[in-house]
Amino acid sequence: MEQYKYYWQKVCGNEKLKLDLELLKKACEQSFRKESDNYKQKLVFKLLEAVKNNDQIHFFYTLLRAINRPDEEFKQLQKLLHQDYDVMPNEVFTNFAYTIILGIMSTYGETGGEKK
Amino acid sequence: MRAHTIDTSSNSNYNVSSLQFTGNWYIDAGIFGFIKIMEEVYGWDLYKLDEMISKDPIKVYYGYFPFAYILKASKNSINKKSNVKEIILELERELERKTFSGDEEKYKKEIYNTILGFVVKVLGEFFNDQLTKDVKNYEDFIRKLNEEKEKTKTKIKNYLEKMENKSEDIKSLIEFCSSQKGINKAIKDIVKKIKSGKLKLEKEVDDSILYLYELLRLRLPLESTFYRNFLFYNPSYTLEKQVNSLFDVISSNISRQPILSFIDKTINKFLYSEQEFKNVSYTLLRSEQLAACIQYLFVYLICFEYAFIRYDDMGRMFFYSPDLSFCYRVNKKLEAMKELAEEKVDTNKIITITWEKVIDTLFEKKSSWSLENMYIISYRGMDAQKQSLIDVEYIGIPKLQASFLLDDKIRTALNKRIKYRKIENRFASKWVILEFIKGYSLYSLALAHIKLAINENMPLGPFETLLYSLILDAKLNEIRTRGEDVEKVIFSDRYFDNYKWIVEEVKREVRYTSLISPLIREVSKDEDKRREFARKLMTTLKDKDLFLYNLLRELNINKTLCTNEEMNRFIFNKLILNNINWRNYGLILILDLVR
């Protein structure tokens, strides 16, 4: 699936910007590792609802609120979002959003970066 | 393959060394039909027939063939007569004795006439029946004649006028009849009577003339769904005319039978009609040119319909390959298998066996070339009124599809029928391989089937078949959109690889998917809940957003499943990142939920 890795591509000036979903997912996994399962589950439900309603504003509001932490783990994700945050076409947004959600979901049952 | 050679020497018939395909499918189908008829009647296989032809083509084409053809095209009841076998043996002995005298035309006639005697022998009973009927008709006629004395005069006059035109016919018929050996006694008597001068054709209305007039209607009981009015099939043709026209057909005598001068719908229903489509051929290709290249062209053309094997539920089918011996082997095996399967009344078996046999033969012959150049031609039947074919299909096997079929595992998986629709308590089903060859989407077939299983509680078809169909469909779609268009491959080295790389990719994908996707069953231990979930996913298959929403929501409730790294990666790679064929993988998940 190498060819789908960079899904969203746009041109800013002379520079090509790419959306690397793989990287995004990894950053998400890294960030939410230490959170409790219940917290994450609630967060995921909220995010899912936002995507379903195609509400980009609400989605980013919820997400940014969740990662608004000074912790080291969130740095990478914040950096990525800083790069990629944009009003995206619907199709791209869903993929972007579900990647984040799946990233969070894959960390259930983990605390302190170690699997139980 | 060698083409038929055009030989300009005087006794050209002796140069046809063996049967060869021409590369033109309807002539080749005819050649195959010819081989089949000969095999059926005399029990010769292709090699024996070849041998016979190279020994003495005239004996085969003017002797053995017309007998076999008339027998085959006659009404079924005649074929089943018990003494046919003895007559055939006798005929073979008789023909064996004939030797080439040096005069080709004379030799042809001699052989042909010998055979006709045997035809009359076989059909004797049938002729007798017809004659008795005719005698009755004649008696009725005489009785009526006596009853209505007033009108008799004009009737006789009319009749005489009619007979005036017929007298030539009668004379030649008498000659023809007297030259026959095995001819029916009743006919002989009349011939004797006429010869002894008891009858004067021009003046008297003699009993026997009337009888003879009826006799003129005596004809070979030839019947075919393919031909209605074609030469000897024409109901108005007399026995003699039938016999003569068959001779003309064998000898490609176009000058005497102008109907043969074009090869069009008259002779083969698969062709266009010369009157309806005048502009189809740019040059007026007359059959003379073709007949010059292919000896006995019309012999093959009239055998066309016998090349097809009849399947009860699929109509008539012919597997054509430009390689004669391959085509022969495949069709022969299919026929044998068809009989076997019919005994067990299992249509599914026919289908399963069909491809096994084709591929087996391929491996024997070690040629994928043959499969790639194969065609399946099928039609359901003939419309007797319009004289046109119903449901004709020409199915070629593309190179890409051929490479998949050559793989045992994939072929076995696809070689199944699956149900896809319910019409009034009955289900319609489709043969997956055929759909694949035709290039139809296997996804929609699988979707329809799984839908049926979920909504109607139907038993689900073989998991392997559905999995392979979905992955195959997904892979082909992926390759097409990836830009590695199959057509582009033609100019690369991969072309000669026979698409083995795609086959490998598909198999790898199947291995991977069949390992991961069953994990989705962990969603719930309760079967009803799983089914409910599957139904929910099914309704959202059209919308990727909703599908993912439903899937992830369910997984979010059951937290353990999405922490499985493989499952997580599967969803990410195959569903989220994949915009081309995520449906195929989604459907695989659904399939796993309900199986």
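Two residues are taken to be in contact if their C-beta atoms, placed from the backbone, lie within 7 Å. In the predicted model described here, Leu19(B) touches Ile31(B), Ile35(B), Leu49(B), Asp50(B), Ile53(B) and Leu324(B), when residues up to four places away in sequence are not counted. Leu19(B) is found in the segment before helix H1 (25-42) of chain B. The threshold for burial is 20 or more other C-beta atoms within 10 Å; Leu19(B) has 20 and is therefore buried. One of the residues touched by Leu19(B) is Ile53(B), which lies 34 residues away along the chain, with a separation of 8.1 Å between the two C-alpha atoms.

Helix H1 of chain B also packs on another helix of its chain. The axes of H1(B) and helix H3 (residues 57-73) of chain B come within 9 Å and cross at roughly 85°. The two helices, H1(B) and H3(B), are therefore roughly perpendicular to each other. On the H1(B) side, the residues that meet H3(B) are Ile37(B), Met38(B), Glu40(B), Val41(B) and Tyr42(B). Their counterparts in H3(B) are Tyr64(B), Ala68(B), Tyr69(B), Leu71(B) and Lys72(B). By class, the residues of this contact between H1(B) and H3(B) comprise eight nonpolar and two charged, with no polar residue.

Chain A contains five helices and four strands. From the N terminus on, these elements run β-β-α-α-α-α-α-β-β. Of the 116 residues in chain A, 28% count as buried. Among the contacts of chain A between residues at least 6 apart in sequence, 69% join residues at least 24 apart. The average pLDDT of chain A is 80, and 79% of the residues score at least 70. Confidence in chain A is highest in H2(A), at a mean of 91, and lowest in strand E4 (residues 114-115), at 42. Over residues 112-116 of chain A the pLDDT is below 50, and this stretch has five contacts in the model beyond near neighbours in sequence.

For the complex, the predictor gives an ipTM of 0.84 and a pTM of 0.66. The interface brings 23 residues of chain A into contact with 19 residues of chain B. On the chain A side, helix H1 (21-31), helix H2 (37-52) and helix H5 (90-105) are the elements that give two or more residues. This side of chain A has 13 nonpolar, seven polar and three charged residues.

Two packed helices are described by the angle between their axes and the distance between the axes. The axes of H2(A) and H24(B) (residues 544-557) come within 10 Å and cross at roughly 165°. Angles over 145 degrees count as roughly antiparallel, so H2(A) is roughly antiparallel to H24(B). The crossing of H2(A) past H24(B) is left-handed. The residues of the contact between H2(A) and H24(B) divide into six nonpolar, two polar and three charged.

Backbone geometry was also examined. Most residues other than glycine have a negative phi. Asn54(A), which is not a glycine, has a positive phi of about 55°. Asn54(A) is placed in the loop between H2 and helix H3 (56-67) of chain A. With 13 C-beta neighbours inside 10 Å, Asn54(A) counts as partly exposed. In chain B, Tyr296(B) likewise has a positive phi, near 55°. Tyr296(B) lies in the loop between helix H11 (287-293) and helix H12 (297-302) of chain B. Tyr296(B) has 25 C-beta neighbours inside 10 Å and therefore counts as buried.

Note on methods
Residues numbered from 1 in each chain as written. Chains lettered and ligands numbered in written order. Predicted model: local features only at pLDDT ≥ 70, side-chain atom pairs only at ≥ 80, totals over all residues. Buried ≥ 20, exposed ≤ 12 C-beta atoms within 10 Å, placed from the backbone. Nonpolar A, V, L, I, M, F, W, Y, C, P; charged D, E, K, R; others polar. Axes fitted to C-alpha atoms, helices over the stretch in contact; angles between N-to-C directions. Parallel < 35°, antiparallel > 145°, perpendicular 65-115°, else oblique. Left-handed = near helix turned anticlockwise from the far one by under 90°. pLDDT = per-residue confidence, 0-100.
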